[in-house]
Amino acid sequence: FPSHDIPPFVQMKQDLFNWTNGWNIREVVNMLKTASSPSVLFFDPQWGNPGTALVVYRNQFPQVQIFPISSDLFKPEVQAEITKLGFKNKIAIYSKTGNAQDSRNTWQTPLEQTICRPENRKEIVSYENQTPLILCEWQ
């Protein structure tokens, strides 16, 4: 069958029983399954990968609370509250997309300047020139 002409039963099986089409989500979910308890994950707030997929699979890592990233994350009082709540791991994940005029820069630029610095940042790609998922952990 041409790719645009997938029979409905095949599409239903893919949608219901196969892994999400989100790139590199399997690797991230496997990592989150072994995260210390309690942990907190801040994800890319745009609809789609990785946030939507992580919400779908969140029952596989119940020790991790998940929230969308916002510019509030960088406020000292928010960081203090996160610390006060006693999370052992703090994780951020996002897809590296956008440009200088993109609205995601309200959170992506400060995230990369404060939390996702090269020393605590991992880029997850499956093939060359793929848009990476960026994973950052901090204490």
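User: How many helices and strands does the secondary structure of the protein chain hold?

Analyst: Five helices and five strands. Helices are DSSP runs of H or I with at least four residues, strands are E runs with at least two, and both are numbered from the N terminus. This is a predicted model, where local features need pLDDT of at least 70, side-chain atom pairs count only at pLDDT 80 or more, and totals for chains, interfaces and linings use all residues. Residues are numbered from 1 along each chain as its sequence is written, and side-chain values use heavy atoms, without hydrogens and water.

User: In what order do the elements of the protein chain run?

Analyst: From the N terminus on, they run α-α-β-α-β-α-β-α-β-β.

User: Which order do the strands take in the sheet?

Analyst: Start with pairing: two strands pair if DSSP finds at least two bridges between them. Here five strands form an open sheet in the order 2-1-3-5-4, with mixed pairing. Strand 2 and strand 4 (121–124) stand at the edges with a single partner strand each, so one side of each has no neighbour in the sheet. Neighbouring strands are turned by 20° against each other on average, direction ignored.

User: How many bridges join strand 1 to strand 3?

Analyst: Five. Strand 1 (residues 39–43) and strand 3 (residues 89–95) run parallel. S39 has N89 as its bridge partner in strand 3.

User: Which strands does helix 2 touch?

Analyst: Contact means heavy atoms within 4.5 Å. Helix 2 (residues 25–33) packs on the sheet and touches strand 1, strand 2, strand 3, strand 4 and strand 5 (133–138). For directions, axes are lines fitted to C-alpha atoms, for helices over the stretch in contact, and angles run from 0 to 180 degrees between N-to-C directions. Helix 2 makes about 15° with strand 5. Helix 5 (residues 105–114) lies across strand 3 and strand 4, at about 130° to strand 3.

User: Now one residue. Is Q63 buried or exposed?

Analyst: Buried means under 20% relative accessible area, exposed over 50%, and partly exposed in between (1.4 Å probe, protein chains only). Q63 counts as buried because its relative accessible area is 16%. In the protein chain, 37% of the 139 residues count as buried.

User: Where is the place of Q63, and what is Q63 in contact with?

Analyst: Q63 sits in the loop between helix 3 (51–56) and strand 2 (64–68). Leaving aside neighbours within four places in sequence, Q63 is in contact with L32, K33, T34, A35, S36, S37, P38 and S39. A polar atom of the Q63 side chain lies 2.8 Å from the backbone oxygen of L32.

Definitions and conventions
A polar contact is a pair of N or O atoms within 3.5 Å; within protein, one must be able to donate a hydrogen and the other to accept it, and residues adjacent in sequence count only if both atoms are side-chain atoms.
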